[in-house]
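Me: I have not looked at this structure before, and I would like to learn how to read it step by step. Could you take me through it slowly?

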Amino acid sequence: MKRTTLLHSELSGLIAAMGHGDLLVIGDAGLPVLPGVRCIDLAVTRGVPGFFDVLDAVLAELVVERSAWASEASADLQQALCARDLGKPATIAHDAFKALTRDARAIVRTGEFTPYANVALWSGVAF
């Protein structure tokens, strides 16, 4: 059994396979997934798992070079995102955020019901 934080085998394998500049999106329960984009669906019920529970587990294993989230997100949500090591952060309009998800290696769906609780993470390198 793994010793590190992230136990979900599909998500762990995806992170291990990501290269520099690859995009991973962590989204709330309502974020649309475009046809052809891989979806790792973790949602069990409303709020389970929570967005930040999943984000923190991913951040324990993924080097993040830059990130983006919707400018429409609440101040509390944006503050919580800024408190994490998300590389160079940026905010963009939610419609632009949804459009960029078409280039994601995968979208991880959480059970989160907080509006705009979505983040795009571009992988960096550890050297």
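Me: In what order do the elements of the protein run from the N terminus on?

Reply: A word on the source comes before the answer: this is a predicted model, in which local features need pLDDT of at least 70 and side-chain atom pairs count only at pLDDT 80 or more, while totals for chains, interfaces and linings use all residues. Residues are numbered from 1 along each chain as its sequence is written, and side-chain values use heavy atoms, with hydrogens and water left out. Helices (H or I, at least four residues) and strands (E, at least two) are DSSP runs, numbered from the N terminus. Read in that way, the elements of the protein follow the order α-β-β-α-β-α-β-α-β-β, which comprises 4 helices and 6 strands.

Me: Which residues have the most contacts inside the largest nonpolar core?

Reply: In soluble globular proteins, nonpolar side chains tend to be buried together. A nonpolar core is a set of buried Ala, Val, Leu, Ile, Met, Phe, Trp, Tyr and Cys residues joined through side-chain atoms within 4.5 Å. The largest such core here has 27 residues, and Leu11, Leu24, Ile26, Leu55, Val58 and Leu121 have the most contacts inside it. Two or more residues come from each of H1, E1, helix H2 (51-59), strand E3 (64-70), helix H3 (75-82), E5 and strand E6 (119-123), and H2 gives the most, with 6 residues. There is also a second, separate core of 11 residues, which includes Leu31, Ala68, Phe97 and Leu100.

Me: Which residues of H2 are buried, and which elements do they pack against?

Reply: In H2 the buried residues are Phe51, Val54, Leu55, Ala57, Val58 and Leu59. The buried residues of this helix pack against H1, E1, E3, H3, E5 and E6, where a contact means heavy atoms within 4.5 Å.

Me: Which residues does Leu24 touch, if those up to four places away in sequence are not counted?

Reply: Leu24 touches Leu14, Ile15, Met18, Val58, Leu62, Ala106, Val108, Val119, Ala120 and Leu121. For the protein as a whole, residues 24 or more positions apart account for 79% of the contacts with a separation of 6 or more.

Me: How many salt bridges does the structure hold?

Reply: Side chains of opposite charge can pair when their charged atoms come close. A salt bridge is a side-chain nitrogen of Lys or Arg within 4 Å of a carboxyl oxygen of Asp or Glu, and the structure holds 5 of them. One of them joins Arg38 and Glu10 at 3.4 Å, N to O; this pair links distant parts of the chain, with Arg38 in the loop between strand E1 (23-27) and strand E2 (39-41) and Glu10 in helix H1 (residues 9-17), 28 residues apart. Another joins Asp41 and Arg109, whose closest N and O atoms are 2.9 Å apart; here Asp41 lies in strand E2 and Arg109 in strand E5, 68 residues apart. Asp41 is partly exposed, with a relative accessible area of 43%, and Arg109 is also counted as partly exposed, at 26%.

Me: Is Gly50 buried or exposed?

Reply: Gly50, found in the loop between E2 and H2, counts as buried because its relative accessibility is 8%. Gly50 and Gly111 are 61 residues apart in sequence and 5.8 Å apart in space, C-alpha to C-alpha.

Methods: Buried means under 20% relative accessible area, exposed over 50%, partly exposed in between (1.4 Å probe, protein chains only).
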